[in-house]
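Here is a short briefing on one protein chain. Look over the sequence and the model first, then read the points below.

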Amino acid sequence: MPWKDRYTISDEVGLADADIVWPDGARCCVTVTVCLGAASGPQGLTAADMRTPEAYFAANDGIEQLMRVLDRHGMRVTFAVPGVLAPPYRHRLRALVAAGHEVAALGFRHEDVTTLARDEEKDRLARTTVLIAEAAGARPLGWFALPRQSDAFAGGAISPSTIDLLIEAGYTYLGNGLADDIPHWWVADFATRRALLALPYYYHFDDQFFHLFPGKGTGLEHADSLFRNWRAEFAAQYRRGRQFHMVLHPQHSGWAHRAQLLDTFLQDMRSHPGLWTPTGRELADYWLKAYPQERFLKLEPSIWQDHEGSLS
């Protein structure tokens, strides 16, 4: 698809199945992100959010239950952490890094940055990087803008400045790109080809949109639907040799019966030979070497013409 300013974000021409090669001859790539954000709205994490029973459960039994399941299946995963949560999670984060997991950033407060001025967003990004680096003992190289349950759109929120600021700050990847089901390039400037690697995300494999209960006023419980989604999508991606990415929240998937469903799914998934299960950073490092931007980002000049009164 030809480039359209403020509309397209990449070349939108994904690699064919036959052109994807994973390390050591692996058949399929599987990644897991554990989101430690508990923000209830676009303002991001607040003191009130942290006083809820869900937040308390997530920080204690929820994450412990989730880690038992992931450890049982040898899954090394990426933890997306808001900057303000890093100091109180210091010992937890250091233990996760020591165990081979990755700690990435989830914004300063997991807030919606679209209303921020560029300088304010830049300052929050810098503060987030420092807070996580000091707490985890390693600076984050991945940045996530994951959606919240209350968002009007389920793709996460970034501003027109976000990608450029992440590049300036030395980040390797954005963790939730929706333009492809494999890593792809998010273009900040068409003329200079300035771009950041984006890893795939899709809300159908994000547990929060199925595990609404026990949220107030919902009474909804669709864990079985999520389980079927995971199985069906993994089977399709495995057959094609592409990537499967799932997002988990301790306050949602850490409940006993949901953790059991996750355990059953991972057991079934692990029965398939030839899986590569990297952290987000490991995947990004591999992709940058195997599919460098200089060779695989192929932008076509714009043929679009805007007309007065057009909404496109």
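**Briefing: burial, helix packing and backbone**

Thr162 is buried, at a relative accessible area of 3% (buried means under 20% relative accessible area, exposed over 50%, partly exposed in between, with a 1.4 Å probe and protein chains only). This is a predicted model: local features need pLDDT of at least 70, side-chain atom pairs count only at pLDDT 80 or more, and totals for chains, interfaces and linings use all residues. Residues are numbered from 1 along each chain as its sequence is written, and side-chain values use heavy atoms, with hydrogens and water left out.

**Around Thr162**
- Thr162 sits in helix H5, residues 162–168 (helices are DSSP runs of H or I with at least four residues, strands are E runs of at least two, and both are numbered from the N terminus).
- Thr162 touches Val113 and Glu121, leaving aside residues up to four places away in sequence (contact means heavy atoms within 4.5 Å).
- Thr114 is 48 residues from Thr162 along the chain, and their C-alpha atoms are separated by 9.0 Å.

**Whole chain**
- The protein chain has 10 helices and 9 strands.
- Its radius of gyration is 19 Å, close to the 20 Å that the globule rule gives for 312 residues, so the protein chain is as compact as a globular protein of that length (the radius is taken over C-alpha atoms, and the rule is 2.2 Å times the number of residues to the power 0.38).
- The C-alpha trace spans about 55 × 45 × 40 Å along its principal axes.
- Of the 312 residues, 50% count as buried.
- The accessible surface comes to about 14500 Å², and 53% of that belongs to carbon and sulfur atoms (areas come from the Shrake-Rupley method with a 1.4 Å probe; for residues, only the protein chains shown count as cover).
- Among contacts between residues at least 6 apart in sequence, 76% join residues at least 24 apart.

**Helix packing: H3 and H4**
- Helix H3 (residues 90–98) packs on helix H4 (residues 118–136) at an angle of about 70°, and their axes are 8 Å apart (axes are lines fitted to C-alpha atoms, for helices over the stretch in contact, and angles run from 0 to 180 degrees between N-to-C directions).
- That makes H3 roughly perpendicular to H4 (65 to 115 degrees; under 35 is roughly parallel, over 145 roughly antiparallel, and the rest oblique).
- From H3, Arg90, Leu93, Arg94 and Val97 meet Glu134, Ala135 and Ala136 of H4.
- The contact residues divide into 4 nonpolar, no polar and 3 charged (Ala, Val, Leu, Ile, Met, Phe, Trp, Tyr, Cys and Pro count as nonpolar, Asp, Glu, Lys and Arg as charged, and the others, Gly among them, as polar).
- Ala126 is also found in H4. At 40% relative accessibility, Ala126 counts as partly exposed.
- Ala126 and Leu165 are 39 residues apart in sequence and 9.6 Å apart in space, C-alpha to C-alpha.

**Phe79 in strand S2**
- Phe79 lies in strand S2, residues 78–81. Phe79 is buried, with a relative accessible area of 0%.
- Its contacts, not counting residues up to four places away in sequence, include Val34, Leu36, Ile63, Met67 and Leu96.

**Positive phi**
- Most residues other than glycine have a negative phi.
- Asp24 has a positive phi, near 55°. Asp24 is found in the segment before strand S1 (28–35), and is exposed at 85% relative accessible area.
- His110 has a positive phi of about 60°. His110 is in the loop between strand S3 (102–105) and H4, and is buried at 4%.
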